[in-house]
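Let's walk through this fold together, starting with its charged side chains and then moving on to its sheet. Keep the viewer open as you read.

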Amino acid sequence: MKNKFAFAKEIVREAASYIRRHMKGDLHIERKSSPTDLVTRLDKEVQTLLIDKIRSRYPHDLFCAEEGDLKTPVDQGSVWVIDPIDGTNNFVAQAEDFAIMVAYFENGQGQFGIIYDVMKDVCYHGGGVFPAYCNNELLPPFKAKPLSDFLVAINAGMLETNAWGVADLGNASLGVRVYGSAAISFSKILSGQLLTYITYLKPWDYAAASILGENLGYQVITLSGEEPDFQTCQPVMMIPREMLPDIQSYIYERKP
């Protein structure tokens with residue numbers, strides 16, 4: 001596993017370098033499910049680059065990836081979960097605050113996760129048997145303090161309608177932030193800058209963070225308190241296990 005983890009970090013850095021070399025060209029921006037759900041040629045090219053490199057080294061491994069139809073469940077053997085550019089809108093509009101995310105599972109058990117902030121050259125990596133690091137600095141485990149001392153990140157649409165009571169949680173916290181990228185939001189949780197991130201996500205959006213956070217005291221769960229299914233889009237949150245009761249006292253499903 002050590003060799004596979006080292007290989008994963010190597011190819012993620014290669015993919016980041018590819019993005020930086022090509023991001024000023026024509027991005028061929030397309031819309032997917034909505035006007036704000038964008039995909040560029042680099043999303044597709046980077047995903048292909050990563051998959052091709054993995055297949056050349058591990059030809060029997062499988063994939064669950066954002067673009068295209070590779071959607072293998074994580075409990076079906078050796079499965080790589082890939083988000084080639086998380087925060088595509090930020091990438092298109094700002095050319096920063098986006099990241100590559102890669103996670104690796106064996107029969108449903110997370111082995112390691114990688115979140116790489118491309119423009120800041122900051123890599124969060126580890127999980128499973130590997131300690132969690134930010135670049136070469138060991139990440140500290142979660143340290144509890146009052147909810148009112150923490151910032152939280154919440155999906156803007158959910159916040160506006162107080163879906164699941166998230167606005168109530170935001171009002172009880174120090175403040176709410178919206179970053180436009182699951183990867184950036186999760187990295188701020190892992191580094192202790194945020195308490196939680198609440199939004200609707202698909203597996204490639206939360207897989208790496210779910211593995212990275214385990215040894216630091218965090219977990220990714222649905223807003224109803226269950227394990228995410230790693231297959232569909234669900235309302236999820238990444239939270240410190242120690243403060244789950246505090247957060248769940250605000251979170252509930254609002255009925256029409």
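Buried means under 20% relative accessible area, exposed means over 50%, and partly exposed lies in between (1.4 Å probe, protein chains only). On that scale Lys44 is partly exposed, at a relative accessible area of 35%.

Before going further, a word on the ground rules. This is a predicted model, in which local features need pLDDT of at least 70 and side-chain atom pairs count only at pLDDT 80 or more, while totals for chains, interfaces and linings use all residues. Residues are numbered from 1 along each chain as its sequence is written, and side-chain values use heavy atoms, with hydrogens and water left out.

Now to the charges. Side chains of opposite charge can pair when their charged atoms come close. Here a salt bridge is a side-chain nitrogen of Lys or Arg within 4 Å of a carboxyl oxygen of Asp or Glu, and the count by this rule is eight. One of them joins Asp121 to Arg13, with the closest N and O atoms 3.2 Å apart. Asp121 sits in the loop between strand 6 (109–117) and strand 7 (122–127) and Arg13 in helix 1 (residues 2–22), so this pair ties together parts that are 108 residues apart in sequence. (Helices, H or I of at least four residues, and strands, E of at least two, are DSSP runs numbered from the N terminus.) Asp121 is partly exposed at 39%, and Arg13 is partly exposed at 38%.

Lys44 has a partner too: Glu30, with the closest N and O atoms 2.9 Å apart. Because Glu30 belongs to strand 1 (residues 30–31) and Lys44 to helix 2 (residues 41–57), the pair ties together parts 14 residues apart in sequence.

Look next at Glu66, which forms a salt bridge with Lys32, the closest N and O atoms being 3.5 Å apart. Glu66 is buried, at 19%, whereas Lys32 is partly exposed, at 34%. Lys32, Glu66 and Glu67 are linked in a network of salt bridges.

What order do the strands of the open sheet follow? The seven strands run 3-4-5-6-7-8-9, with mixed pairing; two strands pair if DSSP finds at least two bridges between them. Strand 3 and strand 9 (137–138) are the edges, each pairing on one side only. Strand 3 and strand 4 run parallel and are joined by four bridges, and Cys64 has Val81 in strand 4 as its bridge partner.
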